[in-house]
Amino acid sequence: MNPSYATVDHVFTVPLDHTTPGGETLQVFAREVADPSRVDEELPWLLYLQGGPGGKSPRPSAASPGWLAHALKTHRVLLLDQRGTGRSTPVTARAAAAFREPAQLAAHLAHFRADAIVADAELIRRELCGDTPWETLGQSYGGFLTLTYLSQAPEGLKACYVAGGLPGLSATADDVYARTYPRVRDRVRDFYARYPDDARRLRRIADLLAAQDVRLPDGDRLTVRRLRTLGLLLGMGDGFERLHWLLDEALENNDGEGELTDTFRYQVMALTGFTDNPLFAVLQETLYGQGAGPTAWAASRALDTLPEFTEDADPLLLTGEMIYPWMFEDIRGLRPFTDAADLLARRTDWPPLYDPARLAANTVPLAAIVYHDDMYVDAGLSLDTARTIGAARVWVTNEWEHDGISASGDRALARLMDLATGRA
């Protein structure tokens, strides 16, 4: 136990499909965290909804974000590993490979969206809190989950805080990526303006990869298209520096020439391999599936219409939080999902995740940060959504990037709590 935190581990048995509770089950793990000096007190609960999809909840440590310490002043926090992540019956490449047919795997994966996660949360709340509602803090995708929660079970909620995660309620995957690519383009240009040598270095690396068969430590070939996915880093507050220092050690010679270093190849493998979060890739576009036709690899189709994003462009434009069908062929950790992911992309009967009428009539206090320059979640869509939700208060800021809830220390959560109670 970290001396700063008192923790209790919980494991819950939940149905794979909440509409047929007598069938297959999953184990869902959550870690209760409290201030050691208040561990015996009756404190209100705050459920943390992690970003993603496919990311496990943070593990408390001396380096935990300031929001956690702030929350523990007044609350008992539950760090939930959403189904399929962390210790919650994890969906891994090995687990996917055990399915005999792609259709069976696709049917299984369809039960890992926001509606199922919310149903898990309600089952857990009733076990821990009885009829008492709790509060939630949703980071990024956790905000998407929050609006599903408010749509499906608002009686379980006392107040909700959202950081960089208000989705467009009716936005399709095509709508989302039409807005996303221009933001990514502008972010890459900002990166090159800060580090002009990195534009030349990335072009040099891309030319090398186009001419040679370069392998990562796990045997995967490093291609230009996989290199470009490093742009995912640029939406975080430290993303420019993380990418810059990665590129700083990419080539063997200090003059920007030579072969790729082992250090660079290892780090690229780790950053782009989806080893510990394959659901991020598998479920990314299903977030926008709500019965409006198939998502049909929307990010890939949009990319094909953008000549400035070609692989031979100079400067080379990186990509961001987009998932492409080639990933399931090129990346070892995603190959067992290949056919099932394609079936999910073709599915046309996704159930709705949000109830606009119920959200309009909402009375649960909802306080949200919208990051003005967010590379991942479109601020315009977020503000359009906020205008349609009852009891919603929004704080728009460009002080932080997408990770502001962590990068701000305790400031962001403190402000959100004040907004929800009308103190700010």
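## Buried or exposed

A residue is called buried when its relative accessible area is under 20%, exposed when that area is over 50%, and partly exposed in between. Keep this in mind as you explore the structure, which is a predicted model. Arginine 31, with a relative accessible area of 13%, is therefore buried.

## The open sheet

Let's turn to the strands. Eight of them make an open sheet with mixed pairing, and their order is β1-β2-β4-β3-β5-β6-β7-β8. The edges belong to β1 (6-15) and β8 (392-397); each has a single partner strand, so one side of each lacks a neighbour in the sheet. On average, neighbouring strands here are turned by 20° against each other, direction ignored.

At the β8 end, β7 (residues 366-371) pairs with β8 in the parallel sense over six bridges. Tyrosine 371 stands opposite threonine 397 in β8.

## Salt bridges

The model has 30 salt bridges. One of them joins the side chains of arginine 31 and aspartate 9, at 3.0 Å from N to O. Arginine 31 sits in strand β2 and aspartate 9 in strand β1, so this pair ties together parts 22 residues apart in sequence. Aspartate 9 is partly exposed, at 39% relative accessibility.

Another salt bridge links aspartate 262 and arginine 265, whose closest N and O atoms are 2.3 Å apart. These two are three residues apart in helix α10 (residues 262-272), a separation of about one helical turn. Aspartate 262 is exposed at 55%, whereas arginine 265 is buried at 17%.

Finally, look for a network of salt bridges linking Arg185, Asp186, Arg189 and Glu308.

Technical notes: Residues are numbered from 1 along each chain as its sequence is written. This is a predicted model: local features need pLDDT of at least 70, side-chain atom pairs count only at pLDDT 80 or more; totals for chains, interfaces and linings use all residues. Side-chain values use heavy atoms; hydrogens and water are left out. Two strands pair if DSSP finds at least two bridges between them. Helices (H or I, at least four residues) and strands (E, at least two) are DSSP runs, numbered from the N terminus. Axes are lines fitted to C-alpha atoms, for helices over the stretch in contact, and angles run from 0 to 180 degrees between N-to-C directions. A salt bridge is a side-chain nitrogen of Lys or Arg within 4 Å of a carboxyl oxygen of Asp or Glu. Buried means under 20% relative accessible area, exposed over 50%, partly exposed in between (1.4 Å probe, protein chains only).
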